[in-house]
Amino acid sequence: MDGHTGRLLERLPLARAHRWQGYAAALALSLLALLTRWALGDAFPPGFPFLTFFPAVVLSGFLFGRGPGILAAVLCGLLAWYFFIPPVMTLALAPGAGLALGFYVGVVAVDLLLIDWMQRGTAQLRLERERSEKLAEHSQLLFSELQHRVSNNLQMVGAVLALQQRSVSDPAARQALSDASNKLQTIGRIQRQLYNPSGDRQTLERMLPDLVHDVISTAGKPGVTASVDVDLGIMLPPDALIPIALIVAETIANAVEHGFADRDAGRIDVQMRASAAAVTLTIADDGAGPSPGHSTAAATSLGLRIIRTLAEQLGGSFDLSPREGGGAIATLSFRPTPG
């Protein structure tokens, strides 16, 4: 049964708001059955007085419910008895008529019981579906609210650290608090972007462009532009999305802070490619590039240490190297796992 047929059955019985319409339709169907039996009387063999009345009873019960079905069953039985069971034009019970009437009563009773049972089951399914839809809407609302609160709380903690930074005089401590504040607020933004309003996980081809432009827009350098090119259909498990998002955010923040330290404009290109063997993320910029003798493995900056840890969490590797033609290129590579 397809969805269209299922929804049509859920509307039965018809005319529930105006029950008299159902009874009027049952009366009309009974009279139509009588006229049809009269018109086609010569075409029917003897001994089939109820032949055109059975469809009237079934249609009345199916379309308009138990009450109209019972009305049609009684009317059709009386009409067939009066007009087509000898002696006709009387309700006398001739020999053999009782058996025919008993057969009729048995058949229409079973038909109406089955139709009523089916409609009750359909009504119950409709109620369960409506409850499920309401529950899904409620769950979606709660999930969205949870995501919103988690994101807001993380960003609030970051804001508190930023306020606390103002009261610290030690430069190293101020820098540590500033870094922690920025990272917490970045995580808060990532948390908000991980899921769309329906609660479903965002795809990488939709999430990464939003994340990249969000990080750049908060860096305070409107002249820095970015392009994002992600293979379609990359499916990763939820526990891989946050590390990847953090690596992207941290790498771009480092490029803006250090690569474009003496410039107000620049370009960052983000690419993500996937194959059966590996997922590769590259982030290239046209900034100042790494210092001579730079070693990613030996780097002591907090940002790169965080990135290395996240790459290890993914079971992959991260490298930052000079870009041909100037600038830097960061490469994250890891083995894909089922999403």
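**Salt bridges and overall form**

Reader: What separates Glu128 and Arg131 in helix H5?

Author: Because Glu128 and Arg131 are 3 residues apart in helix H5, which runs over residues 97–166, about one helical turn separates them. Please keep in mind that this is a predicted model.

Reader: And how far apart are the closest N and O atoms of Glu128 and Arg131?

Author: They are 2.7 Å apart, and the two residues form a salt bridge.

Reader: Which residue forms a salt bridge with Glu133?

Author: That is Arg129, with the closest N and O atoms 3.1 Å apart. Glu133 and Arg129 are 4 residues apart in helix H5, so about one helical turn lies between them. Glu133 is partly exposed, its relative accessible area being 37%, while Arg129 counts as partly exposed at 24% relative accessibility.

Reader: Asp269 next: buried or exposed?

Author: Asp269 is buried, since its relative accessible area is 19% and the cut-off for buried is under 20%. The side chain of Asp269 meets that of Arg267 in a salt bridge, at 3.0 Å from N to O, and Arg267 is partly exposed, with a relative accessible area of 37%.

Reader: How many salt bridges does the structure hold?

Author: The structure holds 9 salt bridges. There is also a network of salt bridges that links Arg66, Asp116 and Arg120.

Reader: Changing topic, what pattern does the protein follow along the sequence?

Author: Read along the sequence, the pattern is α-α-α-α-α-α-α-β-α-β-β-α-β-β, with 9 helices and 5 strands in the protein.

Reader: Why is it more spread out than a compact globule?

Author: The radius of gyration is 38 Å, whereas the globule rule gives 20 Å for 339 residues; the value is well over that, so the protein is more spread out than a compact globule. Taken along the principal axes, the C-alpha atoms fill a box of roughly 115 × 45 × 35 Å.

Reader: What share of the residues is buried?

Author: Buried residues make up 37% of the 339 residues. The accessible surface comes to about 19,000 Å², and carbon and sulfur atoms account for 63% of that surface.

Reader: And the contacts: what percentage comes from residues 24 or more positions apart?

Author: Among contacts with a separation of 6 or more, such residues account for 65%.

Reader: Last one, how far apart are the mean positions of the positive and negative charges?

Author: The mean positions of the 27 positive and 29 negative charges are 8 Å apart.

How values were computed: Residues are numbered from 1 along each chain as its sequence is written. This is a predicted model: local features need pLDDT of at least 70, side-chain atom pairs count only at pLDDT 80 or more; totals for chains, interfaces and linings use all residues. Side-chain values use heavy atoms; hydrogens and water are left out. Helices (H or I, at least four residues) and strands (E, at least two) are DSSP runs, numbered from the N terminus. The radius of gyration is taken over C-alpha atoms; the globule rule is 2.2 Å times the number of residues to the power 0.38. Buried means under 20% relative accessible area, exposed over 50%, partly exposed in between (1.4 Å probe, protein chains only). Contact means heavy atoms within 4.5 Å. Accessible areas come from the Shrake-Rupley method with a 1.4 Å probe; for residues, only the protein chains shown count as cover. Lys and Arg count as positive and Asp and Glu as negative; His and the chain ends are not counted. The place of a charge is taken as NZ of Lys, CZ of Arg, CG of Asp or CD of Glu. A salt bridge is a side-chain nitrogen of Lys or Arg within 4 Å of a carboxyl oxygen of Asp or Glu.
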